[in-house]
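Me: I'd like to learn how to read a protein structure. Could you walk me through one, feature by feature?

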Amino acid sequence: AIATPSAVLSGVARAAKSGVLIKGGRPLEDLGVLTALAFDKTGTLTEGKPKLTKIIPLGDINKDELLKIAVAVENLSDHPLAKAVVRDGKERLDGADIPEAKDLEAVLGKGIKASLGEDKVYIGNLELFESLDDKKPENETEEKVKSLESAGNTTMLIRQNDKYIGIIALMDTPRKEAKKTLERLKEIGIKRMIMLTGDNQKVADAVAKEIGLTDAWGSLLPEEKVEAIKELREKESKVAMVGDGVNDAPAMANSTVGIAMGAAGSDVALETADIALMADKLETLPFAIGLSRKAKGIIKQNLWVSLGIVALLIPATVFSFANIGIAVLIHEGSTLVVVFNALRLLAYKK
């Protein structure tokens, strides 16, 4: 009765000491049998702090005017990329007056629309303008956008009424520890590591190549991330979803184990997840998986010891090879052996 709980409690306690919150025995055991890990990009594999890298005016507009329009419109949005445009844009404009936009309308996964004075302004990826109307950007403009995306930039095209007036690009740098962590995960036997992101496929490929992922699936809406997890579960059987945002919660709920980045994670993600990396350190993930495997090993040892002793003592007492008093002492002794064996997990090293 105590063989499994003692090991689970020791494992959960040891994980907590290293900033990994595991919500029970099932996630602890499942963590050790994972064959695939799916990661959100922003805030999980990357710093989650995108920076404005390029401002490219098209036509007769200058950089400052283009930036004022972009900041005015993005100021209405709560999206992390919009906040980065506003923050870095205001810094570059150095206190210049920003016009006031209104009537924001978001197009999920593609961009935003808003009114700025008498003008209608559209900011988004190429897909936004493909579905908008028949006024498509020129081939040269598309090539500039694709070139920036190939270099790992998240790129937004800006249109004022019917005229394309510029391109702005942002980049979110990978976490310093991401590459080493993924290498360590490969060493301990994780076969597939997949990034699921709403960013363009070229951006996803660039990040995946830089940090060493096996797969990158880009241009995914939140509901498409759920379908991606379901597809992975069919192929890999055991898959974890690692994320930090509200839109990661449904994917976490459909994975074998949901893992949230604690310090940076949203309340919804933390509530949904089975495991939370409270220190917001990606490098604790291989430790948690190793601890889970060690815990499973100790549980098996404990079961063999406890059941083995019982299997020996019953016939020994029935056929009078040992009296009942000695049998009880041996049985109680085996209980102590099981508990002390489980306590070894408290000394588990990373």
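This is a predicted model: local features need pLDDT of at least 70, side-chain atom pairs count only at pLDDT 80 or more; totals for chains, interfaces and linings use all residues.

Me: Let's start with a helix. How far apart should the ends of helix α5 be, and what does the model give?

Reply: The idea is to count 1.5 Å a residue. Helix α5 covers residues 80–93, which is 14 residues, so it should span 20 Å. Its end C-alpha atoms are 20 Å apart, so the two agree.

Me: Which residues of α5 are buried?

Reply: Buried here means under 20% relative accessible area. In α5 that goes for L81, A82, A84, V85, V86, D88, G89 and L93. Among the elements that cover them are β3 (51–57), α4 (63–74), β7 (154–160) and β8 (163–171).

Me: And which ones are buried in α1?

Reply: For α1 the list is A3, S6, A7, V8, S10, G11, R14 and A15.

Me: How do I describe two packed helices?

Reply: You give the angle between their axes and the distance between the axes. For α4 and α5, the angle is about 140° and the axes are 9 Å apart. That makes α4 oblique to α5, since roughly antiparallel needs an angle over 145 degrees. The crossing of α4 past α5 is left-handed.

Me: Which residues meet where α4 packs on α5?

Reply: On the α4 side you'll find D64, L67, K68, A70, V71 and E74. Facing them from α5 are A82, V85, V86, G89, K90, R92 and L93. Sorted by class, this contact has 7 nonpolar, 1 polar and 5 charged residues.

Me: At what angle do α7 and α9 pack?

Reply: Helix α7 (residues 139–150) and helix α9 (residues 201–211) pack at about 25°, with 7 Å between their axes. Angles under 35 degrees count as roughly parallel, and therefore α7 and α9 are roughly parallel to each other. K146, E149 and S150 of α7 meet K202, V203 and A206 of α9. By class, that contact has 2 nonpolar, 1 polar and 3 charged residues.

Me: Now single residues. Is K113 buried or exposed?

Reply: Check the relative accessible area against the cut-off. K113 sits in strand β5 (residues 111–116), and its value is 17%, so K113 is buried. Leaving out residues up to four places away in sequence, K113 touches D103, L104, E105, V107, K120, V121, Y122 and L132.

Me: Is E236 buried or exposed?

Reply: E236 belongs to helix α10 (residues 222–236). With a relative accessible area of 16%, E236 is buried. Its contacts, again not counting residues up to four places away in sequence, are T35, A36 and R192.

Me: Where is A96, and how does it relate to K68?

Reply: A96 is in the loop between α5 and β4 (102–107). Its relative accessible area is 29%, so A96 is partly exposed. A96 and K68 are 28 residues apart in sequence, and their C-alpha atoms are 8.5 Å apart in space.

Definitions and conventions. Residues are numbered from 1 along each chain as its sequence is written. Side-chain values use heavy atoms; hydrogens and water are left out. Helices (H or I, at least four residues) and strands (E, at least two) are DSSP runs, numbered from the N terminus. The expected span of a helix is 1.5 Å times one less than its number of residues. Buried means under 20% relative accessible area, exposed over 50%, partly exposed in between (1.4 Å probe, protein chains only). Contact means heavy atoms within 4.5 Å. Axes are lines fitted to C-alpha atoms, for helices over the stretch in contact, and angles run from 0 to 180 degrees between N-to-C directions. Angles under 35 degrees count as roughly parallel, over 145 as roughly antiparallel, 65 to 115 as roughly perpendicular and the rest as oblique. A crossing is left-handed if the near helix is turned anticlockwise from the far one by less than a right angle, and right-handed if clockwise. Ala, Val, Leu, Ile, Met, Phe, Trp, Tyr, Cys and Pro count as nonpolar, Asp, Glu, Lys and Arg as charged, and the others, Gly among them, as polar.
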